[in-house]
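Take a look at the protein chain below. We will start with single residues and then step back to the whole.

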Amino acid sequence: MVDFLAENNLCGQAVLRIVSRGNAIIAELLRLSEFIPAVFRLKDKSDQQKYGDIISDFSYFKGPEYYESKLEAKPELQDLDEEFRENNIEILSRFYLAFESVHKYTVDLIRYLDDLHEGVYIQQTLETVLLNEDGKQLLCEALYLYGVMLLVIDQKIEGEVRERMLVSYYRYSAARSSADSNLDDICKLLRSTGYSSQAGAKRPANYPESYFQRVPISPTFVSMVIGRLRSDDIYNQVSAYPLPEHRSTALANQAAMLYVCLYFTPSILHTQQAKMREIVDKYFPDNWVISIYMGITVNLVEAWEPYKAAKIALNYTLDTANIREQASRYSASVDSLRPQIHQLLKEGFLREEIVLDNIPKLLNCLRDCNVAIRWLMLHTAESAYDPNNKRLRQIKDQVIADSKYNPKILFQLLLDTAQFEFTLKEMFKQMLSEKQPKWESYRTEGSERMTELAEVFSGVKPLTRVEKNENLQAWFREISKQIQSLNYEDSTAAGRKTVQLIQALVEVQEFHQLESNLQVCQFLADTRKFLHQMIRTINIKEEVLITMQIVGDLSYAWQIIDSFTSIMQESIRVNPSMVTKLRATFLKLASALDLPLLRINQANSPDLLSVSQFYSGELVAYVRKVLQIIPESMFTSLAKIIKLQIHDIMEVPTRLDKDKLKDFAQLGARYEVDPKQLLEDGIRKELVRRVAYALHKGLIFNPKAKTSELMPKLKEMAATMDGFYRSFEYIQDYVSIYGLKIWQEEVSRIINYNVEQECNSFLRTKIQDWQSVYQSTHIPIPKFPSVDESATFIGRLCREILRITDPKVTCYIDQLNTWYDLKNHQEVTNNRLFSEIQDTLGTFGLNGLDRLLCFMIVKELQNFLNVLQKTILRDKAVVDVFKAMLSAVNPVKGIVGNASKVYASAVAKTQKIWGPYLESIMKVGQMQILRQQIANQLNYSCRFDSKHLAAALENLNKSLLADIEAHYQDPSLPYPKEDNNLLYEITASLEAAGIHNPLNKIYITTKRLPYFPIVNFLFVITQLPKVQYSKNQGMTCRKATDPVDWPPLVMGLLTLLKQFHSRYTEQFLALIGQFIRSVMEQCTSQKIPDMPSDVVGALMFLEDYVRYTKLPRKVAEAHVPSFIFDEFRTVL
């Protein structure tokens, strides 16, 4: 018969592929269960209020029209729904594919069974496949994996969450429109079971058997699989555990499979007492906590509570006397095994000859250790006992009392066993690789000794007092030939012959009275030793390694091991060399990966990489978690150093008099760090945790404080960060790491991540943690709950700066770069603020603040345009004023007759609309001033600290602009292509170095708006009476009760105009020019000698406009005659 797993055996390959996919699906479900968007749980009130209407469970399918009409009735709900779709469709699709693959698995399994039944595979039926060893294993696994899938889904992804995700996917995807979609079947299979994995949750009736019946599987198949699992040792494990008391451990994997498969025929559990008794006697006579797949534990006491037959059968195992007997047995076992293992692990004890002579003893010791560890770990695990169940509590307490359970002792035994196993395996691998050459060398040595002895008895070789003896000479020659003829390939015959040769050598010594000659005796003894070595060497078999692999399985502890983390960390803290022993334990845990990967590997499935990456990633994450104690301990020492660096130790000046050197040594305050090779990732993780926490805690402001807390908190924060930085610099040589590199990379990551999270509130499609380029699974940046409207510290910092420089309460003096309080004229803050921020958060912090301000400007401009379109341009009375004004000022090159009256009337009629308009414009202007200050600070520090970088960037920028201008004049010249990131990347670098003008930026895309120039013109002349010109301070506010701050007003209006086509700006400037000319004309005709203040204001506006935009003067002089400007200057 062809090998069942051969590539040309279609029947075997088909079921192997199914089983391989089953393992991959479970890995994907476990992976995804960590990425369930929290919003689908609808845990907190805010989520329920916000998303309650757009997230629904399967009740949606009863009346989809009702739900959709509810959404369509409210535009804001539709908007939220669309945003929600954009943010979640990717992860929903991934979940849906996983759910679909579970359904497809069942369909494929049923189809395979039908094909077997119908004879599609020639000469193969269900019975013949079950007779084949591989076939039997695969069919049992196929059913078992389906059961595990369903249990994993219910345990890791709650029923309600599944339903909400499936409904959302149904609503958002195109799946409902495609005819071949099996969404209905998936929904039927995965609808909520009512089960909850929360402690104390009540178990639903008929669970999980009713869940397992949703897609009916052939009862014949199920019954035959259960029959095989009940009667056979399908994996031949018993041979690895010869002792009868180890049988339940030997069959543990099979017992887990049987446990899962029994749910497909619950009648056995309910009524068939004889079968249940047989199952319990064979598989569960001494255990009731089992691991069903990769460490998912189940307590049979609880699991079989609703089933009469199962419960009665298990009662024999749960008899108090039996529990006591098992617990005491394992307690005694641990006490006797610990000294044994200690003895075996002593330096130099495990030598090759001892190992070879004692293979059975060593394997027995390993078996006893692993069986004891397994039983105690499973039966004392917290996760296996529901604290709300009284009976379970009693059983657990009894086990702990009778086994004298001490987690530290158990952990120590696990460490020693892992170390012993590791050492033994390595020795065996080494011996296996050298087996043949060693055996051959022993054979040669033995043969040569015999030849030499033959020569001795020939009388030719001078050996004292040995007479010539031709019989012995011939006999030894024959023995030499016999030894030489031993064949390594035929080990059995060679072994038998070797034993006979040893016997012959013993006899020849006795019968020929050769004892009297010591040298001959020595030759014979040596040869016997070599022959013994040959027997030992030929006995080194791979089976021993396989047995060790089977016995050393630790997959049941994949999850429970976490409960030992604190013990591991404590032991590392006390004794760092413990890490070497832990290595063996982690390697032992890694053997658990063989279980899911075996079939995937056999099937040559492409899933091998992703599944092995997932499980090994989980293991690596756990190893990192344990070893994190090293950097934690190091940072505890660092905290002391930071305290010393900040408070006790003075900075050493760059030049120092020789006699003062001793004062600066401050010998008492220095602090030693034990130089250890610390794990860089761990150090990064701990650094990130501490710095992120310091920033979160240090930058919380009280908006009601009399004087702002901004500067004091920034100074304090700068000192903290400097302390971190200096102490990090201090330890880098001890632990041999690039401190500065790590510091810059991690601090920039923290700040960029927080900026990204803060900007999320302005984005429709939010960047989730798993999409962020700054977030990492190994070195995660912690997220803190928000304390106000801002999500992160960078948002709080930004909003505090905006609060204290608010144009409604402060006045910004451009020449001094300073903000003053409008009421008491005290200085509020100045441009030192930005160098302080740079000291605290570095260049990344300033850059991040700049990015956040950009988002805020965009939001403000969008809101502003909304107000303009939806209120101002829809107000008929106001639009009529604009129309009248348009006809009055036409043509713009001319002069408006009776100017003051025309303008004053338009201003009076539109007075009510300017409040919100002014507020928006000033907010934008305020943020632009802040952006300018940030750019100045960045540029200043860049020129100071990296002058070559600044020069290179400026030159590259100029040459690029020159090339682009040349291209527009002559399109045959080169220009960066669309897929070229050069312009995008250089912009980011220029902004980081402050080489840009925020006022020239386009923030939003706009459409054409009617009356736009006239609206803005009226807005400006309405504000002019509120400001006055003073020689010292420029344009300032007239009355503190009606605040208008001039620089934000000009910059805000300039930014707004920049977002539209330049002709709007042209028309706007023309209207301002016409206003100046018309009012001046009126003054001249009425013989008023002084220039009116409104004209001074309008001219100031034009002057500032030209100054801020860096445009040539002729732009303003095109609309106002130069003599008016000259007269204006004399006024100034």
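Arginine 31 touches Arg94, Ser610, Val611 and Phe614, leaving aside residues up to four places away in sequence. Contact here means heavy atoms within 4.5 Å. Arginine 31 sits in helix α1 (residues 10-32). Helices (H or I, at least four residues) and strands (E, at least two) are DSSP runs, numbered from the N terminus. With a relative accessible area of 18%, arginine 31 is buried. Buried means under 20% relative accessible area, exposed means over 50%, and partly exposed lies in between (1.4 Å probe, protein chains only).

A word on the source. This is a predicted model, in which local features need pLDDT of at least 70, side-chain atom pairs count only at pLDDT 80 or more, and totals for chains, interfaces and linings use all residues. Residues are numbered from 1 along each chain as its sequence is written, and side-chain values use heavy atoms, with hydrogens and water left out.

Now find arginine 599. This residue belongs to helix α28 (residues 594-602). Is arginine 599 buried or exposed? Its relative accessibility is 4%, so arginine 599 counts as buried. Its contacts, not counting residues up to four places away in sequence, are Leu16, Val19, Ser20, Asn23, Gln137, Leu138, Glu141 and Tyr235. Take Leu138 from that list. Arginine 599 and leucine 138 are 461 residues apart along the chain, yet their C-alpha atoms are separated by 9.0 Å.

Valine 301 is another buried residue, with a relative accessible area of 7%. Helix α15 (residues 300-303) holds valine 301. Apart from residues up to four places away in sequence, valine 301 touches Trp288, Leu314, Leu318, Arg391, Leu392 and Ile395.

Next come the aromatic rings. A pair of aromatic rings is described by the distance of the centres and the angle of the planes. Rings of Phe, Tyr and Trp (its six-membered ring) pair if their centres lie within 6.5 Å; planes under 30 degrees apart count as stacked, over 60 as edge-to-face and the rest as tilted. How many aromatic pairs does a search of the whole structure find? The search finds 51. In one of them, tyrosine 330 and tryptophan 375 have ring centres 4.9 Å apart and planes at 20°, so the pair is stacked. Tyrosine 330 lies in helix α17 (residues 320-345) and tryptophan 375 in helix α19 (residues 359-379), so the pair ties together parts 45 residues apart in sequence. Both tyrosine 330 and tryptophan 375 are buried.

Phenylalanine 762 and phenylalanine 855 also form a stacked pair, at 6.2 Å centre to centre and 20° between the planes. Phenylalanine 762 is in the loop between α34 (739-760) and α35 (793-804), while phenylalanine 855 is in helix α36 (residues 832-870), 93 residues apart. Phenylalanine 762 is partly exposed, with a relative accessible area of 22%. Phenylalanine 855 is partly exposed too, at 25%.

Finally, step back. The protein chain has 47 helices and 7 strands. Of its 1132 residues, 51% count as buried. Look at contacts with a separation of 6 or more: residues 24 or more positions apart account for 77% of them. The C-alpha atoms fill a box of roughly 155 × 90 × 70 Å, taken along the principal axes.
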